[in-house]
Amino acid sequence: MMIPRPRLPAGADLQHWRRYHDPLTLERFDQVCQSHTIESCGVRLHLDVYAHPEPSAPVRVFNHGGGGYSRMLVPLALALLDAGCSVVLPDQAGQGLSEGARGRSPVPVLVQNIVDAARWARERWPRNVLILGGGSLGSGLARYAAAAGAPADALFLYNLYEFAPQGDGLALTRMALLARIPGVQRLLALALRLPAMLLPGLPIPYRWLGRFEHMIPESDGRIFALWQADPVPMRTISLSVLSSLMNTSAAAPLEANRLPALVINPVRDRMIDPAVTQRNAWRLGGEKQIVEIACGHWPADSAPVAQIAAMAQEWMQAHAGLTRTPPG
């Protein structure tokens, strides 16, 4: 599927992301991160790559959520690097520093973007264990990508969401209470199909759809104010994208997963009910570990970031025998 190439608004401050991070974090980023570009669905995608000096280090391809992008995840990437992994942070089409119209990439495009980023990482590190993951919306997209054939040996998920047909599309919005009524999401998904065909580009205020005021702990109003002023995250999505979130199923259900998985559930999440991740994690097939963390939707503080990296390292140590899955 080809998507248009429009860029960020003219004059957008592409260095705004640096305001999220302290000087030491920025200094390390400048020292170790390299930017790469790949082609996916007709546009150029931006990748931030943190290569570990150990050639055999596991590789983590970690995907941002709908309200974020790779440069907001610098502390997590550095923590995972220090925990012994190479890290690849892609920006999906129309998000972050990648090409593509803002908020105009439907779920199949975002999934293919992740598949292509994982394939790039596999080509660069052909013999290494590759762990595919993501946070928030990126958790579901990463799982969809794994089901669609992305080269992955394990999953590392902060949250776990399923979009359709009876999934969490509605539960991720301000109308989450309606998701508790049986059949409502399916009816809404069906109702969106025709309008999305007639008016596919109709802009929907994205920041109205989600409870973004609860994305970051209330104690850190500075970060939220910076995010509100950031020109890079999406401000609208098209009606066709909204419809795709409600109507796009994974290539295989959660129960069909066979990859070892670590699922981290932030139980202080006030943006999206932690029960959603808990329910999906228990449905997830294959060997899995489900860990609860006393954290909100976005781990903006250094303490939870360090805790997440430690959990990832402990999980890897417990799976020391995890090996690269042969192709095919």
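**Exercise 1. Is Glu 99 buried or exposed, and which residue does its side chain meet in a salt bridge?**

Step 1. Glu 99 has 16% relative accessibility and counts as buried. The cut-offs: buried is under 20% relative accessible area, exposed is over 50%, and partly exposed is in between (1.4 Å probe, protein chains only).

Step 2. The side chain of Glu 99 meets that of Arg 44 in a salt bridge, 2.6 Å from N to O. The term requires a side-chain nitrogen of Lys or Arg within 4 Å of a carboxyl oxygen of Asp or Glu. Arg 44 is partly exposed, at 40% relative accessible area.

Step 3. Now place the pair. Arg 44 sits in strand β2 (residues 43-50), and Glu 99 in the loop between β4 (86-90) and α3 (107-124). They are 55 residues apart, so distant parts of the chain are linked. Helices (H or I, at least four residues) and strands (E, at least two) are DSSP runs, numbered from the N terminus.

A note on the source: this is a predicted model, where local features need pLDDT of at least 70, side-chain atom pairs count only at pLDDT 80 or more, and totals for chains, interfaces and linings use all residues. Residues are numbered from 1 along each chain as its sequence is written, and side-chain values use heavy atoms, leaving out hydrogens and water.

**Exercise 2. Find the salt bridge partner of Arg 28, and say which helices the pair ties together.**

Step 1. Arg 28 forms a salt bridge with Asp 82; the closest N and O atoms are 2.9 Å apart.

Step 2. Arg 28 lies in helix α1 (residues 23-32) and Asp 82 in helix α2, so the pair ties together parts 54 residues apart in sequence.

Step 3. Arg 28 is partly exposed at 28%, while Asp 82 is exposed at 54%.

Step 4. The whole structure holds 11 salt bridges. One of them joins Asp 13 to Arg 19, with the closest N and O atoms 3.2 Å apart.

**Exercise 3. Describe the largest pocket: its volume, its lining and the place of Ser 136.**

Step 1. The volume is about 770 Å³. A pocket, on a 1 Å grid over the protein atoms alone, is an open set of points where a 1.4 Å probe fits, with protein on both sides within 12 Å along at least five of seven lines; lining residues have an atom within 4 Å of a point. The volume is the space filled by probe spheres set on the points, which are joined across faces, edges and corners.

Step 2. The lining has 45 residues; Met 72, Ser 136, Met 215, His 297 and Trp 298 lie nearest the centre.

Step 3. Sort the lining by class: 25 nonpolar, 16 polar and four charged. Here Ala, Val, Leu, Ile, Met, Phe, Trp, Tyr, Cys and Pro count as nonpolar, Asp, Glu, Lys and Arg as charged, and the others, Gly among them, as polar. Helix α8 gives the most, with three residues.

Step 4. Ser 136 is in the loop between β5 (130-135) and α4 (137-147). Its phi is near 55°, positive in a residue other than glycine. Ser 136 is buried, at 16%.

**Exercise 4. How does the second largest pocket divide by class?**

Step 1. Its volume is about 530 Å³. Of its 28 lining residues, those closest to the centre are Ala 171, Ala 176, Ala 179, Arg 180 and Arg 279.

Step 2. The count gives 11 nonpolar, six polar and 11 charged residues. Helix α9 gives the most, with five.
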